[in-house]
Structure formats: C-alpha cells, structure tokens
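User: Please take a close look at the side-chain contacts in this model, meaning the charged pairs and the aromatic pairs. I would like to know where the partners sit and how accessible they are.

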Amino acid sequence: FVDEIIVGKIRSSSSDGVRVSLGFFDDILIPPQSLQHPSRFDSIEQVWVWEYETEDGKNDMFMDEGEDIRFRVVEECFVDISPTSAQPATNKPEVGASSTSDNTTQDGEKQPPYSIQGSISESGLGLVSWWMDGG
C-alpha cells in the first residue's frame, strides 16, 4: 500500500537506484531522487553512498547488497500483460520485423506486471543499522 513502511534487503544497486527484495517479491526500486540527500553512486563498488554530515565532517554510509533497508512505498505500478489479440492473416508483419508489446521497455526488457517505487528520503528510513543506536 502507498505510504506503508516496509523492511526488505538490498538486492543490487546501479545508477538507476537501489533494487530491494522482500524474499517473495523483487520488483522494488528506490530511484536516486528518493534516497537520503546527499547520496552518490560509487561505480567502482556498485553501491549507493549517503554522505552524512556531522560536526566532525562527512561520513560515507554505504548501502551494501544484502543489508536490511527500511523504505516507504511511494508508488505502485500495474502493467496489463494480457495477451494481445492476434492480427488477421492479411496483416501479417513483414519478415524480420520486430513486434513490441505494451509491457516491454525501450531497452527490450519486460516490465513486471506489478512493481513498487520506494523512498528512503526521511529520517528513520534507510539501512536498519543506521538507526539502531538511537532510542
């Protein structure tokens, strides 16, 4: 549900954001603009890093794969993956022509029928280990 707070595990990171898994569901993305600010992508280590400012300077808080992450659901996306109706025999596509369906991205990847976009841009959200000491 939108606005629900969920804890999952970081599955992977890329310049597109942080991918999260719940174990039974993997189509969760936290895009860069929804991470703690300021954050940067470390392309060498393939992780996002929150540059947390303190009185002592800047601390790099790494979002490593396999870490527990608490996030807010900000959007649910449903994609109709129903089969399209067959074209009449007179309108057969030309040989070598590629067909695309509505659930394929421009990169040629299939879109999942259901996906979630999350956010960690609030206090208390992000890696669970970041917030363990307070209390």
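**Charged and aromatic side-chain pairs**

The whole structure holds 5 salt bridges, a salt bridge being a side-chain nitrogen of Lys or Arg within 4 Å of a carboxyl oxygen of Asp or Glu. Side chains of opposite charge can pair when their charged atoms come close. The model is predicted, so local features need pLDDT of at least 70 and side-chain atom pairs count only at pLDDT 80 or more, while totals for chains, interfaces and linings use all residues. Residues are numbered from 1 along each chain as its sequence is written, and side-chain values use heavy atoms, with hydrogens and water left out.

One of the salt bridges joins aspartate 68 to lysine 9, with 2.7 Å between the closest N and O atoms. This pair links distant parts of the chain: aspartate 68 belongs to strand β7 (residues 68–78) and lysine 9 to strand β1 (residues 5–14), 59 residues apart. Strands (E, at least two residues) and helices (H or I, at least four) are DSSP runs, numbered from the N terminus. Aspartate 68 is partly exposed, at a relative accessible area of 32%, and lysine 9 is partly exposed at 42%. For these classes, buried means under 20% relative accessible area, exposed means over 50%, and partly exposed lies in between (1.4 Å probe, protein chains only).

Strand β1 also supplies arginine 11, which forms a salt bridge with aspartate 26; here the closest N and O atoms are 3.9 Å apart. Because aspartate 26 lies in the loop between β2 (17–21) and β3 (28–30), the pair ties together parts that are 15 residues apart in sequence. Aspartate 26 has 30% relative accessibility and counts as partly exposed; arginine 11, with 33%, is partly exposed.

A further salt bridge connects arginine 40 with aspartate 60, the closest N and O atoms being 2.7 Å apart. Arginine 40 sits in strand β4 (residues 39–42) and aspartate 60 in strand β6 (residues 57–63), so this pair links distant parts of the chain, 20 residues apart. Arginine 40 is partly exposed at 30%, as is aspartate 60 at 35%. Salt bridges with shared partners join Arg40, Asp60 and Glu51 into one network.

Now the rings. The search of the whole structure finds 6 aromatic pairs. Rings of Phe, Tyr and Trp (its six-membered ring) pair if their centres lie within 6.5 Å; planes under 30 degrees apart count as stacked, over 60 as edge-to-face and the rest as tilted. Tryptophan 50 and tryptophan 130 have ring centres 4.9 Å apart and planes at 45 degrees, so they form a tilted pair. Tryptophan 50 is in strand β5 (residues 47–54) and tryptophan 130 in the segment after β9 (126–127), 80 residues apart. Tryptophan 50 is buried, with a relative accessible area of 8%, and tryptophan 130 is buried at 15%.

Phenylalanine 78 and tyrosine 114 make another tilted pair, 4.8 Å centre to centre with 40 degrees between the planes. Phenylalanine 78 is in strand β7 and tyrosine 114 in strand β8 (residues 114–119), so the contact ties together parts 36 residues apart in sequence. Phenylalanine 78 is exposed, with 62% relative accessibility, whereas tyrosine 114 is partly exposed at 23%.

Tryptophan 50 and tryptophan 130 also belong to one aromatic cluster, with Tyr52 and Trp131.
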